[in-house]
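Student: I would like to learn how to read a protein model. Please take me through one, feature by feature.

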Amino acid sequence: MIELLGMSSPNVQKIQIMLEETALPYRVRRIDVWKGENFTSEFEALNPNRKVPVIIDDDGPDGQPCTVFESGAILIYLAEKTGRFLPANGTARYQVLEWLAVQMCGVGPMFGQYTHFRVFAPKGNDYAESRYRTQAVRLFEALDHRLGQTRFLGGEDYSIADMATFPWTRDRSGKWGGDWGGYRNFNRWFDEVSARPAVSRMTAEMDKVWQEDLVSIGTASDEIRDRLLGRGDFTKAPSP
Ligand SMILES: N[C@@H](CCC(=O)N[C@@H](CS)C(=O)NCC(=O)O)C(=O)O
């Protein structure tokens, strides 16, 4: 049995897609970052960076329980455990890993910062908001270009690169992400990935969890909000 620790955020959604795709037995343990549950010593022992997702696999590689954090590492772990969605070797493997890296090092951090400055930061951060929007658009252009050449991000086969990227592009409302409707190849891919039964199961489940998360976001204390967002009394590196 695999335990997935998290809530409805995109990095957690990736893992739930993979667990649904592979039909591995799993259960979810809610860690509500808007209640500070990622800052307990118990959780810190699982992930020193105190972020979700984390998985605990009671049947790890050596027959021992195995804990894995960082969503990209978790996807690779589950792919290697099951022998699915990541080619074992050759160029095809590195193409999947390239696009997984684009998601982990580009899409996640840039879209995340764009959302931060757009939704959570005090107004007046025009430079930061514009910079991260530009980075997000640049990444959308790269995804759209790639998807004009190949059916999926890693190549002709659906892979962990698609699972990693899809959740970060789900919001089209412009509230949490951006208005990303105009990319033709990307839209074709988005529709194909959305239609997968495992992905539909994930979105149905996570949309319910999102309603719980919205309540937590709305009721989080200033202290928890400041700690989560790294500001106020929790600022670690004040400006010189
Ligand atoms: N690179 C990490 C990022 C994880 C991450 O940012 N998780 C967020 C939710 S999506 C979180 O736990 N935030 C709580 C915090 O930063 O205190 C991954 O891909 O797993």
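Tutor: Start with the two domains: 18 residues of domain 1 are in contact with 15 residues of domain 2. Contact means heavy atoms within 4.5 Å. This is a predicted model, in which local features need pLDDT of at least 70 and side-chain atom pairs count only at pLDDT 80 or more, while totals for chains, interfaces and linings use all residues. Residues are numbered from 1 along each chain as its sequence is written, and side-chain values use heavy atoms, with hydrogens and water left out.

Student: Which residues make up domain 1 and domain 2?

Tutor: Domain bounds come from an automatic or database domain assignment. Here the assignment gives 2-84 + 208-226 as domain 1 and 90-194 as domain 2. Their centres, taken over C-alpha atoms, are separated by 21 Å.

Student: How do I read a sheet, and what is the order of the strands in this one?

Tutor: Strands of a sheet pair through backbone hydrogen bonds, either parallel or antiparallel. Helices (H or I, at least four residues) and strands (E, at least two) are DSSP runs, numbered from the N terminus. Two strands pair if DSSP finds at least two bridges between them. The open sheet here has four strands in the order E2-E1-E3-E4, with mixed pairing. E2 (26-30) and E4 are the edge strands, each pairing on one side only. On average, neighbouring strands are turned by 20 degrees against each other, direction ignored. Axes are lines fitted to C-alpha atoms, for helices over the stretch in contact, and angles run from 0 to 180 degrees between N-to-C directions.

Student: What packs on the sheet?

Tutor: Helix H1 (residues 10-22) does, touching E1, E2 and E3. The direction of H1 makes about 160 degrees with that of E1.

Student: Which pairings are parallel and which antiparallel?

Tutor: E1 and E2 run parallel, joined by five bridges. In that pair, Gly6 stands opposite Arg30. E1 (residues 2-6) and E3 pair in the antiparallel sense over four bridges. There, Ile2 has Asp57 as its bridge partner, and Leu4 stands opposite Ile55. E3 and E4 (residues 66-69) are antiparallel too, with four bridges. Across that pairing, Ile55 faces Val68.

Student: Are the side chains of E1 buried or exposed?

Tutor: In a regular strand the side chains alternate between the two faces of the sheet. Buried means under 20% relative accessible area, exposed over 50%, and partly exposed in between (1.4 Å probe, protein chains only). In E1, Ile2, Leu4 and Gly6 lie on one side, Glu3 and Leu5 on the other, and all are buried. Five of the five residues of E1 are buried, so E1 is largely enclosed by the rest of the structure. E3 (residues 54-57) has Val54 and Ile56 pointing one way and Ile55 and Asp57 the other, and all of these are buried.

Student: What is a nonpolar core, and which residues touch the most other members here?

Tutor: In soluble globular proteins, nonpolar side chains tend to be buried together. A nonpolar core is a set of buried Ala, Val, Leu, Ile, Met, Phe, Trp, Tyr and Cys residues joined through side-chain atoms within 4.5 Å. The largest one here has 69 residues, and Ile55, Leu78, Ile160 and Trp189 touch the most other members. Helix H4 (residues 90-120) gives the most to this core, with nine residues. At least three residues of the core come from each of domain 1 and domain 2. Leaving out residues up to four places away in sequence, Trp189 touches several residues, including Leu147, Phe152 and Phe166.

Student: How many aromatic pairs are there?

Tutor: Rings of Phe, Tyr and Trp (its six-membered ring) pair if their centres lie within 6.5 Å; planes under 30 degrees apart count as stacked, over 60 as edge-to-face and the rest as tilted. The structure holds 11 such pairs. Phe117 and Tyr132 have ring centres 5.8 Å apart and planes at 5 degrees, so the pair is stacked. Phe117 is in helix H4 and Tyr132 in helix H5 (residues 126-149), 15 residues apart.

Student: Why is the pair of Phe140 and Phe186 called edge-to-face?

Tutor: Their planes are at 80 degrees, with the ring centres 4.9 Å apart, so the pair is edge-to-face. Phe140 lies in H5 and Phe186 in helix H7 (residues 184-194), 46 residues apart. Both Phe140 and Phe186 are buried.
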